[in-house]
Amino acid sequence: MYKMLCLDVDGTLLNSNHKISKGTKESIKRLSKEKDIRIILVSARMPKGIVFLQKELEIKEPIICYSGSLVLDKDYNIISNQYIKFNQVKEIVEEAQKCKVHVSLYKDDSWIIEDIDKWAQIEADITGIKPEIINFGKMANSTKYANGLNKILLIGDDSKISEIYKKLNIKFTKDLNIYPSKSNYLEIMNKDVSKTLAIKQLLDLYKIDKSEVIAIGDNFNDIDMLKFAEVGIAMGNAPNEVKEISNDVTSCNDEDGIMKAINKYFYS
């Protein structure tokens, strides 16, 4: 009945130690090998933060990066790529610096910061990726960034993130997608970007209907794809707002929630 399984990564595929548990790993490998199911990793991460997980799971499928800003086929060729205009990036960086929150910029497969602070170190430890250190002011003079960037990530104390979230929403609500992926993480992308729109591109590519899609996620940036899928499943560790819009709730990411969902919907 189902032909595509869309999986968020952090808080869903990965447990609280940022690893794929043995049970989850084996259930995905089994599903991939035994049934003709497209298993799509859908994440706010950059390609480098997703590809090694695919290899660990032994799946070769397209990936959705930056919550849909960059979509790559199974050979990692670009299907679609949408940027935030550089003048908007510049304004947001200036506002973030006034609020004294961490700024990470992402383009294609590059992660750019001005210096290694505690937030950058935490992110590097989680993803295993080393950032590029570049002065943001100098980026304006480089043709490399002239057409914009895929994502801006702001990190800070909850109160500071809440403050800048309100400011940016007032100014950019018509032009950008701005949402908290955690209470202290604010993610910013082009307005035409969403996990759902990226999934629709893959449905067209593989001639799969939305009625044949299951999606599993744990946070606010997963809500659109959980609502879109025929079956949207929230993790047990998801906020109540995410659980309330979902068709089902599985166990948390430390209790093999994905494995239990796979067993229920593909093997029961």
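1. Ile 37 is found in the loop between α2 (22-34) and β2 (38-42), with helices (H or I, at least four residues) and strands (E, at least two) taken as DSSP runs numbered from the N terminus. Between Ile 37 and Glu 212 there are 9.9 Å in space, C-alpha to C-alpha, although the two are 175 residues apart in sequence.

2. This is a predicted model, in which local features need pLDDT of at least 70 and side-chain atom pairs count only at pLDDT 80 or more, while totals for chains, interfaces and linings use all residues. Residues are numbered from 1 along each chain as its sequence is written, and side-chain values use heavy atoms, with hydrogens and water left out.

3. The largest pocket holds about 460 Å³ of space. A pocket here is an open set of points, on a 1 Å grid over the protein atoms alone, where a 1.4 Å probe fits and which has protein on both sides within 12 Å along at least five of seven lines; lining residues have an atom within 4 Å of a point. Grid points are joined across faces, edges and corners, and the volume is the space filled by probe spheres set on the points. The lining of the largest pocket has 30 residues, and Asp 10, Arg 45, Lys 182, Tyr 185 and Glu 187 are those nearest its centre. At least two lining residues come from each of α1 (9-13), α5 (118-127), β9 (151-155), β10 (176-182) and β11 (185-190). By class the lining of the largest pocket has 10 nonpolar, 11 polar and 9 charged residues, with Ala, Val, Leu, Ile, Met, Phe, Trp, Tyr, Cys and Pro counted as nonpolar, Asp, Glu, Lys and Arg as charged, and the others, Gly among them, as polar.

4. Two of the residues nearest the centre of the largest pocket, Lys 182 and Tyr 185, also form a charge–ring contact, in which Lys 182 lies over the face of Tyr 185 at 4.3 Å from the ring centre. The criterion is that NZ of Lys or CZ of Arg is within 6 Å of the ring centre and within 35 degrees of the ring normal. The charged end of Lys 107 likewise sits over the ring of Tyr 83, 4.7 Å from its centre.

5. The second largest pocket has about 200 Å³ of space, and its lining includes Ser 67, Asn 177, Tyr 179, Met 189, Lys 195, Phe 220 and Asp 224. Two or more lining residues come from each of β10 and α9 (223-228), and β10 gives the largest share, 3 residues. This lining divides into 6 nonpolar, 4 polar and 2 charged residues.

6. An open sheet of 6 strands runs in the order β8-β7-β6-β9-β11-β10, with mixed pairing, where two strands pair if DSSP finds at least two bridges between them. Because β8 (132-133) and β10 stand at the edges with a single partner strand each, one side of each is left without a neighbour in the sheet. β10 and β11 run antiparallel and are joined by 6 bridges; Tyr 179 has Glu 187 in β11 as its bridge partner.

7. The model has 4 aromatic pairs, a pair being rings of Phe, Tyr and Trp (its six-membered ring) with centres within 6.5 Å, and planes under 30 degrees apart counting as stacked, over 60 as edge-to-face and the rest as tilted. The rings of Tyr 66 and Tyr 106 are tilted, because their planes stand at 55° with the centres 5.8 Å apart. This pair links distant parts of the chain, 40 residues apart, with Tyr 66 in the loop between β3 (63-65) and β4 (70-72) and Tyr 106 in strand β6 (residues 102-107). Tyr 106 and Trp 111 are stacked, because their planes are at 10° with the centres 6.2 Å apart. Both Tyr 106 and Trp 111 are buried.

8. Tyr 66 counts as buried at 0% relative accessibility, and its phi is positive, about 50°, although Tyr 66 is not a glycine. Asp 256, in the loop between β14 (248-249) and α11 (257-266), has a positive phi near 55° and counts as buried at 18% relative accessibility.

How values were computed
Buried means under 20% relative accessible area, exposed over 50%, partly exposed in between (1.4 Å probe, protein chains only).
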